[in-house]
Amino acid sequence: MAPMIDVVFQLLIFFMLTLKIIEPEGDFNINMPIGQSGGPPDMSITPIEVQLIANEDGTLRSLNFGTRSLGTGDAAFQALNEEILRQIGEPGNPQAKDTEATIDADYGLNYEYVIRAVGAVTGRVNPETKQIDRYIEKVKFAPPKPPAT
Amino acid sequence: MKFKKTQVENPEIDMTPMIDIVFQLIAFFTIVSNFDQTKADERVKLPRDPMAKPPEVKRENELYINLGYVRNKSGEIVGSRSQPYVFYQGGDKEKYTVVEFKPILHQEARLYGQEGTDPKTVTVVLRADKEVPTGLVQEMIKFSQEASFERFALMATQKTD
């Protein structure tokens, strides 16, 4: 019996030491038609354009929805989320399936803001049900504009 | 008075419950420690977003790209912010710049082709650090597309609060 217990303890210690607590990570389940999408754009759907302007150090200077500035910080992303909801009417609207959002970010912008914009465009976590409400599934990135060197 | 002489016996401890518990613990740790995420590089500090949902169905073929920085102990970037590295195992170097990684993407696509997997069915799992300039992430996507990858997943950690 004793050798078995020894081995079992060894195993236990091994698993305890190798255990890494990792935060769950995931993606946004978006279709990403990058570059020129084939066919003429569907005029019946208003295109959604989100523009992210960066400061020198890569932080966000302004979040624009169409031509309107929504400001910066958490409130701006919240406002963007509400604007998108207004555009598509209600979550899961079949028309929203064809709506395409374009994210146009400055070259030097920190990637974290782009992810937040993608998050705000694709939907929200319903505060009551804790379920995810999906808004837009097609997210396109405008071609990068490398800084002039 | 006469006492009955009790027989002193060396009592053996009953090990069974302890072993049961230890087995339970082992089972717990084996389940909890997932070896799945070994392709994820811990140097990459992912952006956070509550919308980032772990995939429900496991993707069949995945190519992980870890784009991040070497950081010092207090978490500051060593080197320049405009120069992130791709941490890649299996090449002759340990870290590559975005441009240097381009031939590796073509090589990966070729390897998938040799295995009989169409690179178009492979999901490129892009784990980019939150401070990477967006343009470079887009360049990476562009290079992947040139190497005939089509599916992408932008990774983020789920916000817990």
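In chain B, strand β1 (residues 62-68) runs antiparallel to strand β2 (residues 85-87), to which 3 bridges join it. Helices (H or I, at least four residues) and strands (E, at least two) are DSSP runs numbered from the N terminus, and two strands pair if DSSP finds at least two bridges between them. B:Gly68 has B:Tyr85 of β2(B) as its bridge partner. The model is a predicted one, in which local features need pLDDT of at least 70 and side-chain atom pairs count only at pLDDT 80 or more, while totals for chains, interfaces and linings use all residues. Residues are numbered from 1 along each chain as its sequence is written, and chains are lettered from A and ligands numbered from 1 in the order in which they are written.

Both strands belong to an open sheet of 5 strands in chain B, with mixed pairing and the order β3-β2-β1-β4-β5. Because β3 (95-96) and β5 of chain B stand at the edges with a single partner strand each, one side of each is left without a neighbour in the sheet. Helix α3(B) packs on this sheet and touches β1, β4 (123-128) and β5 of chain B.

The description now turns to the interface. Here 40 residues of chain B are in contact (C-beta atoms, placed from the backbone, within 7 Å) with 40 residues of chain A. On the chain B side, α1 (16-32), α3 (134-146), β5 (151-154) and β6 (156-157) each supply at least two residues. Strand β1 (residues 25-26) of chain A pairs with β6(B) in the antiparallel sense over 2 bridges; there, A:Glu25 has B:Thr157 as its bridge partner.

Methods:
Two residues are in contact if their C-beta atoms, placed from the backbone, lie within 7 Å. Axes are lines fitted to C-alpha atoms, for helices over the stretch in contact, and angles run from 0 to 180 degrees between N-to-C directions.
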